[in-house]
Amino acid sequence: MTRIRWVTTIVFTIVIALGVLLAVNLGGDPTKTSNDLVGKPAPTFSLTAFDGSKIDLASLQGRVVMVNFWNEWCAPCIEETPSLVALANAHKTDSGFTLVGIVHLGRSQSDARAYAAAPSHKMQFPLAFDPGSHTSLDYGVTGQPETFLIDKAGVVSQWISGPIDAQRMERDIERLEAT
């Protein structure tokens with residue numbers, strides 16, 4: 001084979017491979033505007049928190065629960081962290097609300113733990129890892145951050161793809177707590 005044919009074959013192969021990768025859309029559909037879980041019972045989960053305790057969604061029934069899928073290396077997750085911390089702090093003594101953070105596709109447990117404990121973050125709400133991504137798959141998570149607001153009856157009321165707006169979430173939490 002001549003050099004030009006080799007180069008052409010290699011370039012063609014790379015273009016085809018990139019096309020296949022884009023076709024399978026590894027990160028999910030960035031234009032997706034809804035999640036099939038909205039209006040349906042939230043998938044249950046039982047995960048081990050960073051502190052070793054259990055986070056069991058079934059035990060939180062009767063409360064409004066915000067489940068946030070995140071990771072420590074994701075720029076939108078980093079942007080969102082102050083809003084999550086503010087919400088958690090505002091509801092620290094609120095027995096009708098719980099915020100749960102689930103590490104989705106974290107690089108390492110030690111990196112996620114260090115990020116959450118950093119003085120600039122102080123993520124002092126229940127945080128857990130998702131071994132095998134079972135919970136993420138059950139929730140249909142395609143990226144991060146993704147947030148699910150679950151009402152007192154255990155039904156997914158809202159899904160947010162991307163960083164949350166803390167003021168809007170506060171209004172939605174209050175609305176669900178009042179019902």
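In which hand of crossing does H2 pass H5? The crossing is right-handed (the near helix is turned clockwise from the far one by less than a right angle). Before going on: this is a predicted model, where local features need pLDDT of at least 70, side-chain atom pairs count only at pLDDT 80 or more, and totals for chains, interfaces and linings use all residues. Residues are numbered from 1 along each chain as its sequence is written, and side-chain values use heavy atoms, with hydrogens and water left out.

Select helix H2 (residues 75-90) and helix H5 (residues 166-178): they pack at about 35°, axes 10 Å apart. Helices (H or I, at least four residues) and strands (E, at least two) are DSSP runs, numbered from the N terminus. Axes are lines fitted to C-alpha atoms, for helices over the stretch in contact, and angles run from 0 to 180 degrees between N-to-C directions. Now show the side chains: Ser83, Leu87 and Ala90 of H2 meet Ala166, Met169, Glu170 and Ile173 of H5 (contact means heavy atoms within 4.5 Å).

Next, colour the sheet. Five strands make an open, mixed sheet, ordered S5-S4-S3-S6-S7. Strand S5 (127-129) and strand S7 (156-161) are the edges, each with a single partner strand, so one side of each has no neighbour in the sheet. The twist averages 20° from one strand to the next. Zoom in on S4 and S5, which run parallel and are joined by three bridges (strands pair if DSSP finds at least two bridges between them). There, Val103 sits opposite Phe129 in S5.

Last stop: bring H2 back, lying across strand S3 (64-70), S4 and strand S6 (146-150), at about 160° to S3.
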